[in-house]
Amino acid sequence: KISFQLIKKLFEESKKNKIDFCVTPFDVEYIHQLKRYVKFFKVASGDLNNIDMLRAIASTKKKVVISTGMSNLQEIKKAISFFPKKNVVLLHCISCYPTKENDANLINIKTLKDKFGLEVGYSDHATGIDAAANAIFFGATIIEKHFMPKKTKLAGYFKLSIDQKELRKLILKIKQNYAMVGKS
């Protein structure tokens, strides 16, 4: 758990930089303490079936971003049933670290969007920026990517994380891809 001293500092820094602040909670009590600081909550794939956590997040009336790794459509349907549709964003996710490019299965972004009629994004665990940038072509409106200001092999997710230089490239590529998609 991150200390509330750090949560407050991150919240203030986000506010100062006009960035929406969120946290992925891992216990119900934490949710009630966090709700005054977050714009929305993120549910990790491993907690998609955690009914107590979903209920606690729903009780805050905040938006929720739900990662769908390791789940099936029936489990996703149950998870989103706790929330008003306008408050839910789903993230297509492959829970394999790092995800091989040919396993990214980006078509599932469209599947989730068509099946549930919700905003859908992509939680990327592939190396590099291509899968995240290309998710835009399948309708992703949110990209989640592991970030390290300076990549170090001492950190657990260094293989699938991007650094500042790669983040700038990803942002540029996403903007280009949105422009290429156009309007129907």
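Predicted model: local features only at pLDDT ≥ 70, side-chain atom pairs only at ≥ 80, totals over all residues.
Close-up 1. Phe 4 is partly exposed, with a relative accessible area of 23%, whereas Tyr 30 is buried, its relative accessible area being 3%.

**Close-up 2. The aromatic pair of Phe 11 and Tyr 37.** The rings of Phe 11 and Tyr 37 are arranged edge-to-face, at 5.5 Å centre to centre and with 75° between the planes. This pair also links distant parts of the chain, with Phe 11 in helix 1 and Tyr 37, 26 residues apart from it, in the loop between helix 2 and strand 2 (40–43). Both Phe 11 and Tyr 37 are buried, and together with Phe 4, Phe 21 and Tyr 30 they form one aromatic cluster.

**Close-up 3. The buried and exposed sides of helix 1.** The buried residues of helix 1 are Ile 7, Phe 11 and Ser 14; seen down the helix axis, they fall within an arc of 65°, so they line one face of the helix. Strand 1 (22–23) and helix 2 are included in what covers these buried residues, while Gln 5, Lys 9 and Lys 16 are exposed on the other side of helix 1. After helix 1 comes Lys 18, whose phi is positive, near 55°.

Technical notes
Residues numbered from 1 in each chain as written. Heavy atoms only, no water. Buried < 20%, exposed > 50% of the residue type's maximum accessible area, 1.4 Å probe, protein only. Phe/Tyr/Trp six-rings, centres within 6.5 Å; stacked < 30°, edge-to-face > 60°. Helix = DSSP H or I, 4+ residues; strand = E, 2+ residues; numbered from the N terminus. Arc of directions from axis to C-beta. Contact = heavy atoms within 4.5 Å.
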